[in-house]
Amino acid sequence: PYPFDDGALEKHWLALARIVDTLKARIPGVKIIIAATIAPNSKTFGDGAPGVSFGAEDKWKRTNVIKQYLDSTIKFAISQHLPLADAYHPSLDRNADGILTYINGGDHIHYSDAGRTLFAQKVTDAIIANKLLE
């Protein structure tokens with residue numbers, strides 16, 4: 001991810017567009033899915049990760065940036081009419097924070113087994129719904 005400064009989301013959007021354009025130009029008939037990963041949890045983010053020690057405010061800031069990038073990724077896919085595998089929204093709780101079930105309890109950053117299953121299911125659903133294997 002880009003650092004979060006003025007224009008960061010626009011840079012992210014343009015990078016996604018370049019990737020898609022490059023793939024389409026170099027691989028005729030390429031099939032593309034845009035995937036949004038699971039939501040981070042602002043209360044536990046990084047807890048247990050080696051060499052990481054985020055304070056409460058830093059956790060909130062970092063996860064807020066991640067969520068903005070995930071929202072931007074989803075909006076990009078929709079605007080470009082690309083298949084979307086959205087694990088982000090189903091992994092949010094009612095307070096718009098990442099559901100701990102989907103987050104690795106050892107580092108509170110990566111997927112848990114349930115998170116991997118959710119992500120894989122969303123990618124599979126997108127492939128099937130968009131008939132990408134036909």
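Before I start, my cut-offs for accessibility: buried means under 20% relative accessible area, exposed means over 50%, and partly exposed is in between, with a 1.4 Å probe and protein chains only. By that scale Phe119 is partly exposed, at a relative accessible area of 23%.

**Ground rules**

I'm working on a predicted model, where local features need pLDDT of at least 70, side-chain atom pairs count only at pLDDT 80 or more, and totals for chains, interfaces and linings use all residues. Residues are numbered from 1 along each chain as its sequence is written, and side-chain values use heavy atoms, with hydrogens and water left out.

**Overall layout**

I looked up the secondary structure, taking helices (H or I, at least four residues) and strands (E, at least two) as DSSP runs numbered from the N terminus. The protein chain has three helices and two strands, and along the sequence they follow the pattern α-β-α-β-α. The C-alpha trace spans about 45 × 35 × 30 Å along its principal axes.

Of the 134 residues in the protein chain, 34% are buried. For areas I used the Shrake-Rupley method with a 1.4 Å probe; for residues, only the protein chains shown count as cover. The protein chain exposes about 8200 Å², and carbon and sulfur atoms supply 58% of that.

Next I checked contacts, meaning heavy atoms within 4.5 Å. Among contacts with a separation of 6 or more, 62% are between residues 24 or more positions apart.

**Nonpolar cores**

In soluble globular proteins, nonpolar side chains tend to be buried together. I searched for nonpolar cores, that is, sets of buried Ala, Val, Leu, Ile, Met, Phe, Trp, Tyr and Cys residues joined through side-chain atoms within 4.5 Å. The largest one has seven residues: Leu16, Val20, Ile32, Ile34, Phe76, Ala77 and Leu82. Helix 1 and helix 2 are the elements that give two or more residues to this core. I noted Val20 in particular: leaving aside neighbours within four places in sequence, Val20 is in contact with Ile32, Ile34, Phe76 and Leu82. There is also a second, separate core of six residues, including Ala39, Leu70, Ile74 and Leu92.

**Thr44**

I found Thr44 in the loop between strand 1 (34-36) and helix 2 (56-79). Is Thr44 buried or exposed? Thr44 counts as buried, because its relative accessibility is 15%. Beyond neighbours within four places in sequence, Thr44 is in contact with Lys59, Leu100 and His108.

**Aromatic pairs**

My rule here: rings of Phe, Tyr and Trp (its six-membered ring) pair if their centres lie within 6.5 Å, with planes under 30 degrees apart counting as stacked, over 60 as edge-to-face and the rest as tilted. That gives three aromatic pairs. One of them is Phe45 with Phe54, stacked at 5.8 Å centre to centre with 15° between the planes. Phe45 is buried, with a relative accessible area of 9%. Another pair, Tyr111 and Phe119, has centres 5.6 Å apart and planes at 50°, so I logged it as tilted. Tyr111 is partly exposed, at 21% relative accessible area.

**Salt bridges**

I counted a salt bridge where a side-chain nitrogen of Lys or Arg is within 4 Å of a carboxyl oxygen of Asp or Glu. The structure holds six salt bridges.

Arg62 bridges to Asp58, with the closest N and O atoms 3.2 Å apart. Arg62 and Asp58 are separated by about one helical turn because they sit four residues apart in helix 2. Arg62 is partly exposed at 38% relative accessible area, and Asp58 is partly exposed at 28%.

Asp97 and Lys67 meet in another salt bridge, 3.4 Å from N to O. This pair links distant parts of the chain, 30 residues apart: Asp97 is in the loop between strand 2 (84-86) and helix 3 (113-129), and Lys67 is in helix 2. Both ends are covered: Asp97 is buried at 3% relative accessible area, and Lys67 is buried at 13%.

Asp113 and Arg116 form a salt bridge with closest N and O atoms 2.1 Å apart. They are three residues apart in helix 3, so about one helical turn separates Asp113 from Arg116. Asp113 counts as exposed at 55% relative accessibility, whereas Arg116 is partly exposed at 43%. Last entry: salt bridges that share partners join Lys43, Lys67 and Asp97 into one network.
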